[in-house]
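Please keep the structure open beside you as we go.

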Amino acid sequence: MDVLLTKTEEKKTAIKQTISGSETLLRCLVAEKVQHIFGYPGGAIMPVYDALYSYADKLTHLLVRHEQGAIHAAQGYARVSGKTGVVFATSGPGATNLVTGLADALIDSTPVVCITGQVFAHLLGTDAFQETDVINTTLPVTKWNVQVTEAKDIAPAIAKAFYIAASGRPGPVLVDITKNAQNELIEEVEYKSCHDIRTYKPKPLLQPGQIEAAAALINRAKKPYLLVGQGVLLSGASNELKTFIEKTGIPAASTLLGLGALPADHPNYVGYLGMHGNYGPNINTNECDVLIAIGMRFDDRVTGNVSKYARQAKVVHIDIDKAEINKIITPAVAVHADAKEALTALLPLCRKHEHPEWIESFHKLNRLEFEKVVEKEIKNTASLKMAEVIYMLSQLTQGQAVVVTDVGQHQMVTSRYYQYKNPRANITSGGAGTMGFALPAAMGAKIAAPHKQVIAVIGDGGYQMTIQELGTIMQYNIPVKILVLNNNFLGMVRQWQQLFHGKRYSFTEMQNPDFTKIAEAYSIPAEKVTEQKNLEAALKKMLASETSYFLEVVVEKEDNVFPMVPAGAGVAEVILEVPK
């Protein structure tokens with residue numbers, strides 16, 4: 001009898017356990033070492049949320065107040081941590097509310113996996129309740145997307161999604177899972193992560209000939225100039241960059257998303273590029289003889305009028321995405337490679353050099369900018385200016401904070417005046433310019449870096465686009481600091497209206513609510529500053545708070561951001577003040 005029982009037990013153990021598609025999904029996420037999910041439940045994804053109820057010890061889910069908040073939070077999490085952010089949303093409007101964030105993540109190369117619920121497979125195409133063709137809707141704004149209609153296909157789809165999102169040039173991926181696939185029972189299988197797809201080669205093989213040609217140009221250059229893009233950060237190449245410029249003596253400037261790749265106090269760092277960048281970096285773009293662009297895509301905010309951009313220079317363009325090479329600027333040498341691999345290969349081939357006179361030419365131009373612009377802004381006595389606030393914030397934090405900016409004048413001012421010392425500390429919406437980005441992205445950033453000071457710097461316009469995420473901050477006690485620079489205007493649009501549309505301020509002035517009362521309603525300590533004499537103490541109080549904190553600083557209404565490269569102008573036509 002005992003022998004028979006033993007054999008029966010052995011037979012039972014040989015039968016594989018069946019689990020639902022929803023639990024299969026969650027096991028996949030655990031296997032991918034996912035720790036945090038930002039999401040919002042609904043009918044079509046309810047089976048996943050039901051399974052999630054039993055996974056509280058393995059997966060931390062944060063209930064946001066809007067799906068746009070979920071994906072921006074996942075972006076902030078990904079940008080700070082270097083991991084892939086994860087989002088849950090339901091079908092129909094839940095899925096379409098992700099589109100803005102998907103577009104933002106795609107153009108800014110942010111790895112995010114969005115998992116959306118979908119109606120039952122037999123209802124697809126019938127205009128069922130909350131059915132939207134999410135695959136075709138999100139096709140232009142994802143690196144890859146797929147619809148899963150059977151439970152057996154969930155694990156392979158998730159494995160592929162995480163691989164594609166994080167490899168090569170990172171980006172957002174969406175997996176749409178029908179409700180029947182979530183409910184269906186299948187035999188549990190061992191999860192196999194994806195490391196290769198036959199038709200997808202995310203990291204190009206380094207070509208020695210390209211590296212040698214680039215090194216030859218760099219070694220012959222009299223006025224070499226290096227442009228640092230986000231690709232340096234994404235490849236983890238900050239140390240390699242620093243070693244390279246210290247050997248070659250090349251001055252380096254940063255794009256908006258490249259800020260922090262090189263410490264702002266490094267002697268070879270000459271400033272911030274672009275429309276509102278520093279004077280020296282813009283002017284000397286048209287003075288260098290070799291322009292080395294690493295991990296950047298020659299965005300129009302960097303180049304201005306392309307026909308007037310660095311015509312005198314031989315360009316070396318290093319980028320992991322072949323589509324970016326020759327798209328805007330035709331390089332003399334194209335290096336299709338990962339930034340870290342390219343810099344590592346270049347280093348032994350490039351001669352040790354110094355360019356003191358060339359670097360001094362940047363400093364001379366930047367001193368002119370200081371006299372005409374910076375000094376008046378940070379030492380202003382007439383009224384509170386945005387630059388004064390950010391300059392003081394940078395000093396008080398010693399450039400060590402993670403700063404998450406929204407989109408507008410405050411974004412450009414922060415990029416100019418916050419002196420970033422560390423990689424992955426400047427989190428902003430670059431290519432898409434998404435207002436409403438900062439508040440939820442700061443939540444995700446703080447979840448990713450709980451021991452770092454995380455500060456959201458936001459304008460009064462963008463703040464109100466995702467202000468509901470104060471509820472998420474309250475519910476989960478996320479100690480993020482919120483600094484709103486309030487000029488009661490849509491400031492960047494107003495600046496353009498002033499300079500180029502005869503001061504016709506068409507629908508840009510804002511009547512705002514009492515922001516401090518709103519913050520206090522969410523149990524967030526709040527303060528409002530209207531005078532300079534109170535600014536430093538208020539910033540110190542905000543930074544010292546162990547909880548979330550809201551600080552509103554009322555700044556000059558018609559404050560402008562200079563320097564500025566006007567639309568249609570070349571970078572060397574950058575202006576330092578309002579044209580007379």
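Points are joined across faces, edges and corners, and a volume is the space filled by probe spheres set on them. The model is predicted, with local features needing pLDDT of at least 70 and side-chain atom pairs counting only at pLDDT 80 or more, while totals for chains, interfaces and linings use all residues. Residues are numbered from 1 along each chain as its sequence is written, and side-chain values use heavy atoms, leaving out hydrogens and water.

Around the largest cavity you will find Arg79, Leu257 and Arg424, among others. α11 (230-234) and β16 (426-427) each supply at least two lining residues, and α11 gives the most, with three. Helices (H or I, at least four residues) and strands (E, at least two) are DSSP runs, numbered from the N terminus.

The second largest cavity, of about 50 Å³, has a lining that includes Arg351, His353 and His355.

Now turn to the second largest pocket, with about 490 Å³ of space; a pocket is an open set with protein on both sides within 12 Å along at least five of seven lines. Of its 22 lining residues, Gly271, Asn278, Asn366, Arg416 and Gln419 lie nearest its centre. α16 gives the most to this lining, with six residues.

Note on methods
1 Å grid on protein atoms, 1.4 Å probe; cavity = no way out; pocket = protein on both sides within 12 Å on 5 of 7 lines; lining within 4 Å.
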